[in-house]
Each structure stands twice: as C-alpha cells, then as structure tokens.
Amino acid sequence: MNEPISPPSTISLPPPATRQGKEPAPTANRELTEPSAIRQFLRAKSPGNLADGTFAGVMVVCALSIFVIVLLIVFVLVDKSLLSIHAFGFKFFLGRSWDPVNGDFGALPFIWGTVVSSLLAVIISVPLALAVSIFLLEICPQPLRAPIAFLTELLAAIPSVIYGLWAIFVLVPIMRDHVGPLLQKYLGWTGFFGADNFGVGMLTASVILAVMIFPVISSISRDVMRAVPINQKEAALALGATRWEMLRMSVLRNARIGIVGSVILGLGRALGETMAVTMVIGNHPDISKSLFAPAYTLASVIANEFSEATGDLYLSALIEIGLALFLVTIVVNAIARLLVWAVTRGNTVRAN
C-alpha cells in the first residue's frame, strides 16, 4: 500500500548576492530611474540641451511660417481687391461684361470657362487614369511595371509651357482637321459642336488639361488601391469571383473615397492651370454653348491682362479674380487630402 506523498516544504533561500557576501542587486525601479554609467559619461561630456532646443525651435518656426505665408497671401489679395469689392460687390461674379475701357467688369465668363474646361478635363482623364492604375497593379507584367509607372509620373514633371507648345503644333491641327469634323458630323445636332472649328477653343483646352492632370489622378489612385488589404482580394477570388468582379467588389469599392480624393486633387490643378490653357483656349470673354468656341479662364485672364492693367479699378478686378481662384484651389485641395487620408489611415497591410 502506497503512502501519500506530502508536498515538499518551502525552503527560503537568501538572494544570490547575499549568499555570496555581496550587496543585494538593484531593484527594477532603481534601474529605470538611474542612468547607466555610459549615459552619465555622455551627459557630462556633451549635454546637448542647446542643440536640441535650437533644432526644435527651428522646426517650429519652419512649420509656423507656412501659416504665415498663406495668411500674408490672403491679406495682400484682399487688400488689393478692396476697390473692386466696394465698386461691384457680389455682382462682380455674376456680370458678363468685361470692358476695361468703360470700367465695367464681370467675372462670369471666366468662371464659366474655368469650370467647364476643368470638368471636361476630369471626365476625359479619370477613365484613362483608372485604367492605367488597374493595369499596373493587377495585369501588367512585373518587368514592365516600373518603366510604365516612371513614364506616367514623368508626365507630371513636364513644364506647363511645354504642354502648351505641344498643343499648338500637334493637338490643335488634330482637333481642327480630324476630330472636329467628325464631332460636327455626328454630334453637331446637340449644339455642343456647332460653331466654327479653328482648332483653338474650349475642347482643345480641356484635352490638354486632361493630359496634364492624368498623372496626378493615376499615381494617387494607384497608391490608394495598393493600400487595399490583399486578404480581401483573395477572399473574393476564393468565392469564385472573376478578376473584374474582384476589382469591382474588393479594390474599387474600398478605394472609392481615395479615388474621389485623387480626382478632386486633379480638379484643383486643372482649376489653376495657366500657361497651357492660355495658349490654346482662344482667350475671348464670352459664354458659348459650343465647345469649339474660344473662351477664357480665371487664370488665363490674369496671365494675359495683368501687365496691361493701367487703371486702379482694372488692376483691383484682376486681383479679385486671383483671390477667388486662390480660395477655390485651397478648398478643393483640402477636401481631396481629407478624402485620401480617410481611406488610407487604417490600412497598414499593403497589397503586392
């Protein structure tokens, strides 16, 4: 018969340092509060308080200078446009007459030209930009991804005046001799392509704007779609979805806010584009239904007429146009940044 085994009695042993005749080891709190010997030596040799304080102060000044610059720009624009604001008030943005000789100024033709050309550019550019982004992420062979992505982003670095020169020598003849007659033949009944086609006008300016904002929309959309977790793509494919269904349900649905943000960011650039549009839009302050007719934008009228503004009211009206364009651009870019941040802030897993 086996006897029950009693648990061993607890034996208390002194700390190792006490058994060896040494002082007890320092506690964890003491180790956390007291710096090591190396750190004490480095602090005694070079405290670094002055350098750290100077660096932090310079960084704060640089950050605050951005707000100061923006406020100074707004202040100067408002101060220089007060004469026009007091003379015309809100009617300045509803008037259709632009007569510097008689002192009658209205910005509605320029607002019309800016809005229509920018919206047309977005309509033309967005499908192409999304197609290129999807191709680079899901379809393009690996050796071709880097060259195509590089060429796409290179388009954003080309100066505006180069686009304008290309449009004058290449795009304008194409629109005048080939695209324009086809549009007049098949869509002339709509009234949008009924005027005389000289190659320069609203449609040509919209096409060159679409080419200029294409790399912005494409690169940002590609980054947003790459942020979609890969497990969502694999889940859709595991359920039997085709590649297009996977892109539609998993990628485009999750990245839609960021894609909208990229579109608005491209729209912001289109609203403020100057040189390329000035060279091909025709520069005529009129509101016309036909897209072949010449027009004017807020940015192009400032570039064309600022050096010719002799009277104080004339100059103030141009500066008020610049103030309106500046505020619209800030609001559009802020909305775009918020949308992109909203879709990418929680995605830490990147798709391959």
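Helices (H or I, at least four residues) and strands (E, at least two) are DSSP runs, numbered from the N terminus. Arg-243 sits in helix 11, and the tour will come back to it.

**Before you start**

This is a predicted model: local features need pLDDT of at least 70, side-chain atom pairs count only at pLDDT 80 or more, and totals for chains, interfaces and linings use all residues. Residues are numbered from 1 along each chain as its sequence is written, and side-chain values use heavy atoms, with hydrogens and water left out.

**Whole chain**

Show the chain as a cartoon. Its secondary structure comes to 15 helices and 2 strands. Of its 352 residues, 36% count as buried. Buried means under 20% relative accessible area, exposed means over 50%, and partly exposed lies in between (1.4 Å probe, protein chains only).

The chain exposes about 21,200 Å², and carbon and sulfur atoms supply 68% of that. Accessible areas come from the Shrake-Rupley method with a 1.4 Å probe; for residues, only the protein chains shown count as cover.

Contact means heavy atoms within 4.5 Å. Among the contacts in the chain with a separation of 6 or more, residues 24 or more positions apart account for 74%.

**The largest nonpolar core**

A nonpolar core is a set of buried Ala, Val, Leu, Ile, Met, Phe, Trp, Tyr and Cys residues joined through side-chain atoms within 4.5 Å. In soluble globular proteins, nonpolar side chains tend to be buried together.

Select Leu-203, Ile-208 and Met-225. They have the most contacts inside the largest nonpolar core, which has 56 residues. Two or more residues each come from helix 6 (108-139), helix 8 (160-187), helix 9 (202-226), helix 11 (243-254), helix 12 (256-272) and helix 13 (275-280). Helix 9 gives the largest share of this core, 15 residues.

Zoom in on Ile-208. Not counting residues up to four places away in sequence, Ile-208 touches Tyr-163, Trp-166, Ala-167, Leu-171, Ala-276 and Val-280. Apart from this core lies another, of 16 residues; select Phe-105, Ala-107, Tyr-296 and Ile-321, which are among them.

Stay on helix 9 and pick Ile-220. Ile-220 counts as buried because its relative accessibility is 17%.

**Arg-243**

Go to helix 11 and select Arg-243. At 48% relative accessibility, Arg-243 is partly exposed. Which residues does Arg-243 touch, not counting residues up to four places away in sequence? Show Glu-138 and Ile-139. Arg-243 and Glu-138 are 105 residues apart in sequence, yet 8.8 Å apart in space, C-alpha to C-alpha.

**Phe-93**

Next, find the loop between helix 5 (82-88) and strand 1 (98-99), and select Phe-93. Phe-93 is partly exposed, at 23% relative accessibility. Leaving aside its neighbours within four places in sequence, Phe-93 is in contact with Ala-107, Leu-108, Ile-111, Glu-320 and Ala-324. Draw a line to Pro-109, 16 residues apart along the chain: the C-alpha atoms are separated by 9.1 Å.

**Asn-283**

Move to the loop between helix 13 and helix 14 (298-305), and click Asn-283. Its phi is near 55 degrees, a positive value in a residue other than glycine. Asn-283 is partly exposed, with a relative accessible area of 25%.

**Last stop: the cavity**

On a 1 Å grid over the protein atoms alone, a cavity is a set of points where a 1.4 Å probe fits but cannot get out; lining residues have an atom within 4 Å of a point. The count comes to 1 cavity of 30 Å³ or more. The largest cavity has a volume of about 30 Å³. Select its lining: Trp-112, Met-202, Asp-286, Ser-288, Ser-290, Ala-293, Pro-294 and Ala-295.

Definitions and conventions:
1 Å grid on protein atoms, 1.4 Å probe; cavity = no way out; pocket = protein on both sides within 12 Å on 5 of 7 lines; lining within 4 Å. Points joined across faces, edges and corners; volume = space filled by probe spheres on them.
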